[in-house]
Structures are given as C-alpha cells and as structure tokens.
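Let's walk through this structure together, one step at a time. Keep the model in view as you read.

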Amino acid sequence: MRYSFTEKERDRVLSNFMKDGKVINVPAKEKKKYILSAEFTKRFDEGKTYSEHEINAELLTMFSKDDYVEQRRYLITFELFKRTSDGTQYWLNSDDIDEVAK
C-alpha cells in the first residue's frame, strides 16, 4: 500500500509531528504515518541489507520505545521495505521507488 503526497503535505506532516528529527506524536491517519515512514527510509541506502537490530536502532532515533515496533511493521505494510520471511534482514523496496514522494 502506497500513498502519493506533495512536498507541501510532507512539510506539513513533518512540522506538525516532528521536532529536532524525532516524532513527538504519531498521527492517527495512515497517510500521515506513511509520510513519516517515507521520511524514515531516507536514512538507508538502496541495495544494502540491514539486520532487524539495525532497523530497530535507527527507528529508536526517530520514534519512542513505545512506537518503534509498530513503525517497523508499517515499513513492510506500506511496502517501503522488504524483509526475509524470518524477519531478520531488511532492505529498501526499490520497486516504484520514484512514486513515494510525488
């Protein structure tokens, strides 16, 4: 599941839900969650595989301890990342990557 959004929408979500690079409040609406998740993916390199530990560590720099597990699930639900069936390895989903921020 992917959402299209404009730069103006992105900026509004980031200013309303983030401060100093950290999410201060997780939005209720999925599209806004998607925008935050899409912003999170900018921290990773295409073509590189990451361990679940690396994903968690990076999520904790942006989300609270109470939110990071749910946010990791959104990375998969929103098809921003792919993972192995055992959930130990993650990588950016490069399928239609150009569609994320339009």
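Rings of Phe, Tyr and Trp (its six-membered ring) pair if their centres lie within 6.5 Å; planes under 30 degrees apart count as stacked, over 60 as edge-to-face and the rest as tilted. By this rule there are eight aromatic pairs. In one of them, Y74 and F78 are stacked, with 5.0 Å from centre to centre and 15° between the planes. Both Y74 and F78 are buried, where buried means under 20% relative accessible area (1.4 Å probe, protein chains only). Together with Y3, F5 and Y34, they form one aromatic cluster.

This is a predicted model, in which local features need pLDDT of at least 70, side-chain atom pairs count only at pLDDT 80 or more, and totals for chains, interfaces and linings use all residues. Residues are numbered from 1 along each chain as its sequence is written, and side-chain values use heavy atoms, leaving out hydrogens and water.

Now step back to the whole chain. The protein chain has four helices and five strands, which are DSSP runs numbered from the N terminus (helices: H or I, at least four residues; strands: E, at least two). From the N terminus on, the order is α-β-β-α-β-α-α-β-β. Of the 102 residues, 35% count as buried.

Next, look at R10 in helix α1 (residues 7–17). Is R10 buried or exposed? R10 is buried, with a relative accessible area of 14%. Not counting residues up to four places away in sequence, R10 touches F5, I35, E39 and K42; contact means heavy atoms within 4.5 Å.

Methods
Buried means under 20% relative accessible area, exposed over 50%, partly exposed in between (1.4 Å probe, protein chains only).
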